[in-house]
Amino acid sequence: MEQVKLFGDYDSVIVNYSTGIDSTGTLFWALQNFPKEKIWLVYCDTGLEYDINDSLVWATAGRLGIKWVILRHEKGFLGLLEHRQKWPDSKNRWCTAYLKRDITEKWIRTNRDKLGQRCLYLTGERRDESPRRAKLPAVEVHRTTLKTTRKGVFTCHWHRPVLDFEKGSMFEQGKRLGLPVHPCYEYLGRCSCVACIFMPDRYAAENMKRHPQHFYKLLQAELRYGHTWKKGVSLVELWKETCEELPADLVV
Ligand code: SF4
């Protein structure tokens, strides 16, 4: 892979913010290295998010005095699940591709005039989270970079500033920013979608108990399409183990 070096400065800095602790550490890094006027907090609502997330985005942006944007795919997770009739998995991770990557790229492309000619895009992966993340480059050229000057001049570098940090320091940095920790960390190890395909079953069970309203339509989709949440793990079965009775108005 091509070795990419960061520029000395950028016109704009996008922090891919999920309200989770790693993106909070990434935001801390951005604020340490750039004036807040250059920073954009970009949050992608997949449609499978905690109800509190929008207000956390507003509160973070308001407290730090930075610009924010919330992006939503017109179909959302459920609409895409109904269209594809299959859950995403590690080989076909359509949720991330459509609900996060593509809408972010579209937003960058349509807002080049606001972002200037040099844009830095920041995400909060850490190497110790998984073998895949361990191999990620610290810097690469983002796909929104214009290859010719026909439509203008625009370079976007994708930087992962917290790759070598440990999770504990992410919490510490959030504290230094005066930001509250997302309430899901009281009982989960990671802040992801409420029914993330990668979360341990016990975490999904916890979310079923605490946020059942997010699961009704997912259960319905699973029953209707006969394709389970994970290979060999059904949300319906997990619901029966966790909450016993299926919701009375479950329509198949
Ligand atoms: S958090 Fe999980 S379910 Fe949500 S978009 Fe990412 S991989 Fe997909």
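A quick word on ground rules. Residues are numbered from 1 along each chain as its sequence is written. Since this is a predicted model, local features need pLDDT of at least 70 and side-chain atom pairs count only at pLDDT 80 or more, while totals for chains, interfaces and linings use all residues.

**Overall build**

The chain has 10 helices and six strands; these are DSSP runs numbered from the N terminus, with helices being H or I of at least four residues and strands E of at least two. Its C-alpha trace spans about 60 × 40 × 35 Å along the principal axes. Of the 252 residues, 34% are buried. Here buried means 20 or more other C-beta atoms within 10 Å of the residue's own, exposed means 12 or fewer, and partly exposed is in between, with C-beta atoms placed from the backbone.

**Two domains**

An automatic or database assignment sets the domain bounds: domain 1 covers 12–185 and domain 2 covers 201–243. Eight residues from domain 1 and seven residues from domain 2 make the contact (C-beta atoms, placed from the backbone, within 7 Å). The centres of the two domains, taken over C-alpha atoms, are 27 Å apart.

| Helix | Residues | Buried residues |
|---|---|---|
| α3 | 76–84 | Phe77, Leu80, Leu81 |
| α8 | 201–210 | Ala204, Asn207, Met208 |

The buried residues of α8 fall within an arc of 105 degrees seen down the axis, so they line one face of the helix; the arc is that of the directions from the helix axis to the C-beta atoms. On the other side of α8, Arg202 and Lys209 are exposed. The cover over the buried residues of α8 includes α10 (235–243). For α3, the cover includes α4 (94–110) and α9 (216–225).

**Around the ligand**

Which residues are closest to the ligand? They are Cys95, Thr96, Ser192, Cys193 and Cys196, out of 13 that surround it (C-beta atom, placed from the backbone, within 6 Å). By class, this shell has eight nonpolar, three polar and two charged residues. Nonpolar covers Ala, Val, Leu, Ile, Met, Phe, Trp, Tyr, Cys and Pro; charged covers Asp, Glu, Lys and Arg; the others, Gly among them, count as polar.

Methods. Contact = placed C-beta atoms within 7 Å.
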